[in-house]
Each structure stands twice: as C-alpha cells, then as structure tokens.
Amino acid sequence: MKTGIFTGSFDPFTVGHDDIVRRVLPLFDRIVVGVGINERKKCMMTAEERVAAIDSIYTGEPKIEVRPYSDLTVDFARREGAEYIIRGVRSVKDFEYEREQADINRRIGGVETLLVYADPKFSSVSSSMVRELMNFGRDVSEFLPRHGGMTD
C-alpha cells in the first residue's frame with residue numbers, strides 16, 4: 001500500500017491545499033493529511049477544529065485520513081507508514097524552503113518528498129493571506145474548499 005502524508009498547520013485549509021490533495025490522490029492508496037500542532041505558533045483554530053474542518057471536506061473518500069501530530073514530520077511519516085511527504089510549492093521562495101526540508105527529511109528519516117507545483121490560479125492563496133482577510137471582516141469563501149464530501 002503506497003501512503004503519502006500531506007502536512008501543514010492548515011490554519012485554515014485552503015482551496016490550494018485541497019487542489020494538491022485531489023491532484024495527488026490517484027498516485028496513492030492512502031493519503032494522511034497531517035495537521036501540525038506547534039505550541040510556538042499562534043493558530044486561529046484549535047487542532048481539533050482544523051482536523052474536523054478538513055475531515056468534512058473528504059467525507060466519503062476512504063483513501064484520505066486526517067490526523068493531528070506534534071512531532072517531527074519524519075516521525076509522523078514513519079508512524080503512518082508513509083513513503084512520501086507531499087508538499088505544495090507556489091513560488092521560488094517556497095521551492096528553496098521545501099528543498100532544504102526534503103534534504104533533511106531524507107537524511108534523518110529516509111522519507112522522500114514529492115513537490116507539487118500549485119495550480120497558477122491558486123498560487124497567491126495562502127493560509128496567512130486568508131487569515132488576514134478574515135481579520136478585516138472580508139468574505140474568504142472563494143479561498144476555502146466547500147465541505148461535505150468529494151462529490152461537491
């Protein structure tokens with residue numbers, strides 16, 4: 001069984017994140033969306049709320065599971081039996097950061113990273129941008145996936 005993990009803080013999980021998951025789904029038997037818990041990072045939503053929100057997007061898709069984690073990504077990958085870490089890349093800046101992380105993750109955990117380039121229509125969408133718009137009372141519904149299952 002080929003397993004990949006897609007990890008991040010997902011505060012909130014955006015249409016760009018959802019696009020990455022849906023595009024790599026045919027490559028894996030199982031994808032675990034890992035909701036990172038980092039006590040040093042101030043999140044808008046609790047880990048439980050983030051897990052529940054993401055889980056509701058993939059209702060009815062048995063190949064996708066959503067789990068919180070608070071340790072190293074490579075340790076989470078090992079626990080989940082994942083051969084790959086899936087990461088989205090929107091820009092050169094993202095690429096450089098993800099390349100460094102991939103090198104370290106391969107070195108310390110033996111896990112490969114699959115970089116997936118963002119669809120250009122989502123390349124400017126980020127969780128921090130969505131949070132900022134929300135802070136100013138703007139409608140962010142176009143940046144968030146609809147809930148309620150894969151058939152939406």
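The legends below describe close-up views of a predicted model. Local features require pLDDT of at least 70 and side-chain atom pairs pLDDT 80 or more, whereas totals for chains, interfaces and linings use all residues. Residues are numbered from 1 along each chain as its sequence is written, and side-chain values use heavy atoms, with hydrogens and water left out.

View 1. The largest pocket holds about 1,300 Å³ of space. On a 1 Å grid over the protein atoms alone, a pocket is an open set of points where a 1.4 Å probe fits, with protein on both sides within 12 Å along at least five of seven lines; lining residues have an atom within 4 Å of a point. Grid points are joined across faces, edges and corners, and the volume is the space filled by probe spheres set on the points. The lining comprises 44 residues, and T7, G8, S9, R87 and E98 lie nearest the centre of the pocket. At least two lining residues come from each of β1 (3-8), α1 (15-24), α3 (73-80), β4 (84-89), α4 (92-109) and α5 (127-135). These elements are DSSP runs numbered from the N terminus, with helices (H or I) of at least four residues and strands (E) of at least two. Helix α4 gives the most, with eight residues. By class, the lining has 17 nonpolar, 17 polar and 10 charged residues; Ala, Val, Leu, Ile, Met, Phe, Trp, Tyr, Cys and Pro count as nonpolar, Asp, Glu, Lys and Arg as charged, and the others, Gly among them, as polar.

View 2. Phi of F10 is near 50 degrees, a positive value in a residue other than glycine. F10 is buried, at 3% relative accessible area (buried, under 20%; exposed, over 50%; partly exposed, in between; 1.4 Å probe, protein chains only). D11 and P12 are joined by a cis peptide bond with omega of about 5 degrees. Most residues other than glycine have a negative phi, and most peptide bonds are trans.

**View 3. Helix α3 and its two faces.** T73, V74, F76, A77 and E80 are the buried residues named in α3. They lie on the same side of α3 because they cover an arc of only 160 degrees around the axis, the arc being that of the directions from the helix axis to the C-beta atoms. This buried set packs against β1, β2, β3, β4 and α4. The face turned away from it carries the exposed R78 and R79. Within α3, T73 touches I5, T7 and I85, residues up to four places away in sequence not being counted (contact, heavy atoms within 4.5 Å).

View 4. G81 takes a positive phi of about 70 degrees and sits in the loop between α3 and β4. With 42% relative accessibility, G81 is partly exposed.

**View 5. The buried side of helix α2.** In α2 (residues 47-57), the buried residues are A47, R50, V51, I54 and I57. Their arc around the axis is only 120 degrees, which puts them on the same side of α2. They pack against α1, β2 (30-36) and β3 (64-69).
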